[in-house]
There are 2 protein chains.
Amino acid sequence: MRVFGIDCGTNCTGYGVVDVQVGPRETRLVAVAAGGLRLAKDQPLHLRLAYIFAELTALLEMHRPDVVAVEGVFYSVNAKSALKLGHVRGVALLAAALQGLPVAEYAPLTIKSAVVGYGMAQKEQVQYMVARLLNLDHAPKPADAADALAIAICHVHTAQTLSLQAESRA
Amino acid sequence: MRVFGIDCGTNCTGYGVVDVQVGPRETRLVAVAAGGLRLAKDQPLHLRLAYIFAELTALLEMHRPDVVAVEGVFYSVNAKSALKLGHVRGVALLAAALQGLPVAEYAPLTIKSAVVGYGMAQKEQVQYMVARLLNLDHAPKPADAADALAIAICHVHTAQTLSLQAESRA
């Protein structure tokens, strides 16, 4: 299974691609790619959105994931920030839909719990655990890329849990 | 000049296409098309956004406007509504960008002023004036379609004002 995580942001949108390699003894997670798409501030909004859409579409076509995972909606931000984030999020979800990919959403608490084992974990703890779980020397930069990998890892863990639950019921 | 107005909404997104016909004596506004794109509530968000995007893209390709006009950002809504609206707005702006069209934004007050002559006008007054200015027997349904026509009319009036100002300076 290959998961494409997206961490939508108004200034920078992170992405991270994680492969699950199931071996005879253990399941390994491998970071295939990660990065951040920075928005040029001097461009009109619709052109910035076109850039994000084109880049995400190219990345999805290149990496051909099985699923796209995004951070779920949280409402601690104000209306102005929420609208700005919504623009980027809408375009990211559209890119996934046009590639025919299913989309999974995870709440910020769920993502931190899945990666650190603690929902209120600090940003640095998440970054540290992302690097450890993926056998990287250090968390990838920018921070949004590491966050996107965390979202992808959350999906893998959740999918594994669901599959184990299904097996135990069978 | 042909203007494509979009009134982004979470439940229904209105569109309205207005032509400007410049005659020897007067400038006429003609409603070419108007309608509303309703979102199916039982579908996942990314598929609903894909529907809006496909419909808007098809309409832009069919009507080939010179410019797209949208309602500017307003922050009277709460964060939850703003994020939902942002998803739709992001996809609408992207559809315009991918057709290579310029996008003009107008504040709600500006739109009402341009159509009714009064920024605090009621919704019904806007609908009435949209029908009058476009020589229609009644305002098109749904209300979002009439609102989209109002946005397009606002762009026409603003563009005419700017052009008159430029002439008077020349």
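Chain A and chain B bury about 2200 Å² between them, 82% of it on carbon and sulfur atoms. Buried area is the accessible area (1.4 Å probe) that two parts lose on being put together, summed over both. The model is predicted: local features need pLDDT of at least 70, side-chain atom pairs count only at pLDDT 80 or more, and totals for chains, interfaces and linings use all residues. Residues are numbered from 1 along each chain as its sequence is written, chains are lettered from A and ligands numbered from 1 in the order in which they are written, and side-chain values use heavy atoms, with hydrogens and water left out.

The contact (heavy atoms within 4.5 Å) takes 27 residues from chain A and 27 residues from chain B. Across this interface, zero salt bridges are found. A salt bridge here requires a side-chain nitrogen of Lys or Arg within 4 Å of a carboxyl oxygen of Asp or Glu. Four residue pairs, both at pLDDT 80 or more, are in polar contact across the interface. Such a contact is a pair of N or O atoms within 3.5 Å; within protein, one must be able to donate a hydrogen and the other to accept it, and residues adjacent in sequence count only if both atoms are side-chain atoms.

On the side of chain A that touches chain B, α1 (45–63) and α2 (79–98) of chain A each supply at least two residues. The largest share, 14 residues, comes from α2(A). By class, this side has 20 nonpolar, five polar and two charged residues. Ala, Val, Leu, Ile, Met, Phe, Trp, Tyr, Cys and Pro count as nonpolar; Asp, Glu, Lys and Arg count as charged; the others, Gly among them, count as polar.

Over all chains, the structure holds six salt bridges. One of them joins the side chains of Arg2(A) and Asp19(A) at 2.6 Å, N to O. The pair links distant parts of the chain, 17 residues apart: Arg2(A) lies in strand β1 (residues 2–7) of chain A, and Asp19(A) in strand β2 (residues 12–22) of chain A. Helices (H or I, at least four residues) and strands (E, at least two) are DSSP runs, numbered from the N terminus.

In chain B, five strands form an open sheet in the order β3-β2-β1-β4-β5, with mixed pairing. Pairing requires at least two DSSP bridges between two strands. Strands β1 (residues 2–7) and β4 (residues 67–71) of chain B pair in the parallel sense over four bridges. Gly5(B) stands opposite Ala69(B) in β4(B). Strand β2 (residues 12–22) of chain B pairs with β3(B) in the antiparallel sense over eleven bridges. Four residues separate β2(B) and β3(B) in a hairpin.
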